[in-house]
Amino acid sequence: METAAKTQLASAIDSLIEQARQEAEQQFGATLKAKDDEIRIKDLKIEALTLELSILRRTRFSVKSEALPAVQRELFEDTWNEDLSAVEAQLEQLLDEQPCTTVAKPKRPRAGRQPLPEHLPRIEHRHEPESCQCGQCGKDRVKIGEDITEQLDVEPAKFFVHRHIRPQYACKACETVTAAPIAPAIIDGGMAAVGLLTWVMIGKYQDHLPLYRLAQIAARDDVILSRSTLADWVGRVGVALQPLVDRLAWHLLQRNALHADETPVAQLDPGNGKTKKAYLWAYRSNDLEPGPRIIVFDYQPGRSGAHARHFLGNWHGHLMVDDYGGYKSLFAADRDSAQPCIELGCMAHARRKFFDLHKANDSPMALEALQRIARLYAIEADSKTMDIEARRQLRQEKSKPELQSLHDWLIETRARTANGGGSAKALDYTIKRWPALIRYADSGHLPIDNNPVENSIRPIAIGKKNWLFAGSERGGQRAAAIQTLLGTAKLNGLNPAQWLKDTQEKLPVWPNSRIDELLPFPLEAIKTQPAA
């Protein structure tokens, strides 16, 4: 090879080496920056959790207010202990650098005495007569049949102990000791088995029993469970289940139509022994669309519409709500960073205005409105078992003419009604909301009212009478998360307690890539849901 060619080849090689070095430096710099960002975010989380932990400890151990009776103040200690355990569990996850692992409506039972469930075990008691000989002639009696009656019985919760025995085997030659590994658990090293953790969570969040009552139930069997221990379990189980809640919220936001509503909840205001008003926001899937039924609860310190905007993010679709002003910005054409949602009005709210009016003074006008709206609901009842297209055709043929007749009657009646009275307010509410109220009739998959989400909130609203208030914002968020899981399981025909027990057994070793298989609904239902 000539000298010039050698020089040219060496120059090309040097250029390639320099280019490779620069690319490697750039790639290393990008990787290093990503790692730095990840560490910075993690440090911020640790700092925030450490600060929250400090505040919780100070609140827990320095409250001196006597504004509440002692028994009520003791209820808050459960929530504080739960919060402390939850924050500590999250800190442990961050410090250990371990990522967080992650139907058809049943028929209403008929009235009257129901047959006892077939799946329950039967204990037979045979009652034979004292003698098999006839008392008159002395001859043997012949069996001609049996009279069978059944009684339902129950045993209180049984406490028992799992004893895990792990023999240890030594090899003298290798000087090693071998034993079977310990199976991972929701709470490593804890004394509570999965069944006991499930009993506590179901008692607190589904049966709405304070922890001190659960401790009293256990004490009747001479099992002493301190409330601080119960609170520790609740806090740690809540943290372990949070990835399932986040995944449920993601699936919910893949739907085309949602229900939304909110209900007030009292929350303790630390330091003065009083309570302040917080809100439990509820978002529910639409039953008329294919896919699993999902209910997600979001606990927030207020009723500002910003909370709904934050939860929904960039989601846009049909949103069924009442006339609360906090939702209005979601339907505005200039909605920030997202397309506007399409408002669906609740016919049940419009009907309620006329129902209250008729209840108060037997208004003939209100009765007429109720009868007209009842015909719309009768059409919906007829379409209950139809598919989407058949329901759309039925609404076109029957609902739309009824709605047009109702609107004409509302306008005519309002023109004859004086301003300011209850009649005018009921009429104005329906007329003002008319475009949103009738939007469902142009489709076969949109709901007529917001009753599904209100029905999902009702059990929690009733339960509030037992627990009265949330002990803290974190405690309210934990309650909302657990209610999300149990409520969704119930909507999909699952036994919440059995689902929770099975999930806690699987969760410690379950891969995050298969988290959908742990959600409280049939996995195949996800494949049928429409994309948002």
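**Note on the predicted model**

1. The protein chain exposes about 31900 Å², and carbon and sulfur atoms supply 54% of that area. This is a predicted model. Of the chain's 532 residues, 39% count as buried. Its secondary structure comprises 15 helices and seven strands.

2. Five strands form an open sheet in the order β5-β4-β3-β6-β7, and the pairing is mixed. The edges are held by β5 (295-300) and β7 (342-345); each has a single partner strand, so one side of each is left without a neighbour in the sheet. From one strand to the next the twist averages 30°.

3. At the β5 end of that order, β4 (residues 274-285) pairs with β5 in the antiparallel sense, over six bridges. Within this pairing, leucine 280 is opposite tyrosine 299 of β5. Helix α6 (residues 305-312) packs on the sheet, where it touches β3 (257-269), β4, β5 and β6 (318-321). The direction of α6 makes about 40° with that of β4.

4. Helix α8 covers residues 364-382, which is 19 residues. From first C-alpha to last it reaches 27 Å, close to the 27 Å expected at 1.5 Å a residue. At its start, a side-chain oxygen of serine 363 comes to within 3.3 Å of the backbone nitrogen of methionine 365.

5. Which residues of α8 are buried? They are Met365, Ala366, Ala369, Leu370, Arg372, Ile373, Leu376, Tyr377, Ile379 and Glu380.

How values were computed:
Residues numbered from 1 in each chain as written. Predicted model: local features only at pLDDT ≥ 70, side-chain atom pairs only at ≥ 80, totals over all residues. Heavy atoms only, no water. Helix = DSSP H or I, 4+ residues; strand = E, 2+ residues; numbered from the N terminus. Expected span 1.5 Å × (residues − 1). Buried < 20%, exposed > 50% of the residue type's maximum accessible area, 1.4 Å probe, protein only. Polar contact = N/O pair within 3.5 Å; in protein donor to acceptor, adjacent residues only side chain to side chain. Areas by Shrake-Rupley, 256 points an atom, 1.4 Å probe, with all protein chains shown as cover. Pairing = 2+ DSSP bridges. Axes fitted to C-alpha atoms, helices over the stretch in contact; angles between N-to-C directions. Contact = heavy atoms within 4.5 Å.
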